[in-house]
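Have the sequence and the model side by side.

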Amino acid sequence: GGSDPAYYEGELHKVPVTRKAYWQFALDEIHIGGDSFARGVAAIADTGTSLLVGPTAEVARLVGALGLPSEQVGPGGQYVIPCERVDSLPTLDFVIGGKHSALHSSEYVLQLEIFGQKACTLGVMAMDVPAPAGPLWILGDVFLSKYYVLFDFGDDSLSFARAKQSVPEHK
């Protein structure tokens, strides 16, 4: 199962797997609005996780860097954001193998309808994965809907590329 250029654009950017159990790789750092708030952390890419998930202390720093009050935690540990603030939130940038993968606020904030009201929640939640696997970040669908990941069993690597937003239909 090689890579399928129908699903991504530009070049695939390859990084080695650092721990085989989970398709784990090194996340050089995470920037928010240009400031680094997590350095040299482990991460996994997981299509079975809908959000971005990070260690409690780092997610708390992220929420602080976004200027969100940490007590606004809603159902399932998600942070509720006033929808009118979404456009003014900074870019979240994941540096993987020296390459930047940015998510704009509209991509990391989820818009939901709750009882007919529009609600916005941060697509990031805190969870501490215990050692030896953790601490780590889990890049779920919030990341994977924008970035295509090729999992390569042959040489134990993952490759990232910008996903095409319209995937061709299979006839």
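What follows is a short tour of this predicted model.

This is a predicted model, in which local features need pLDDT of at least 70 and side-chain atom pairs count only at pLDDT 80 or more, while totals for chains, interfaces and linings use all residues. Residues are numbered from 1 along each chain as its sequence is written, and side-chain values use heavy atoms, with hydrogens and water left out.

Start with the whole chain. It has 3 helices and 13 strands. Helices (H or I, at least four residues) and strands (E, at least two) are DSSP runs, numbered from the N terminus. Of the 171 residues, 44% count as buried. Buried means under 20% relative accessible area, exposed means over 50%, and partly exposed lies in between (1.4 Å probe, protein chains only). The chain exposes about 9,000 Å², and carbon and sulfur atoms supply 54% of that area. Accessible areas come from the Shrake-Rupley method with a 1.4 Å probe; for residues, only the protein chains shown count as cover. Now take contacts, meaning heavy atoms within 4.5 Å. Among those between residues at least 6 apart in sequence, 64% join residues at least 24 apart.

Next, the interior. A nonpolar core is a set of buried Ala, Val, Leu, Ile, Met, Phe, Trp, Tyr and Cys residues joined through side-chain atoms within 4.5 Å. The largest one holds 43 residues, and Leu92, Phe94, Trp137 and Phe143 touch the most other members. Strand S3 (residues 35-45) gives the most to this core, with 5 residues. A second, separate core has 7 residues, including Ala42, Val129, Ala133 and Leu136. Leaving out residues up to four places away in sequence, Phe94 has contacts that include Leu27, Ile30, Leu52, Leu139 and Phe143.

Is Gln24 buried or exposed? Gln24 is buried, with a relative accessible area of 7%. Its place is in strand S2 (residues 24-32). Beyond residues up to four places away in sequence, Gln24 touches Ala42, Ala133 and Leu136, among others.

Strand S11 (residues 136-139) deserves a look. Leu136 and Ile138 point one way from S11, Trp137 and Leu139 the other way, and all are buried. Strands of a sheet pair through backbone hydrogen bonds, either parallel or antiparallel. Two strands count as paired if DSSP finds at least two bridges between them. S3 and S11 run parallel, joined by 4 bridges. Here Ala42 stands opposite Leu136. Strand S4 (residues 52-54) and S11 run antiparallel, joined by 2 bridges. Leu52 has Leu139 as its bridge partner in S11.

Turn to an open sheet of 3 strands. Its order is S5-S9-S8, with antiparallel pairing. Strand S5 (80-81) and S8 are the edge strands, each pairing on one side only. S5 and S9 are joined by 2 bridges. The bridge partner of Val80 in S9 is Thr121.

Phe115 lies in the loop between strand S8 (109-114) and strand S9 (117-122). Phe115 is exposed, with a relative accessible area of 82%.

Finish with Arg162, in strand S13 (residues 157-163). Arg162 is partly exposed, at a relative accessible area of 36%. Arg162 and Gly10 are 152 residues apart along the chain, yet their C-alpha atoms are separated by 7.0 Å. Residues up to four places away in sequence aside, Arg162 touches Tyr8, Glu9, Lys146, Tyr147 and Tyr148.
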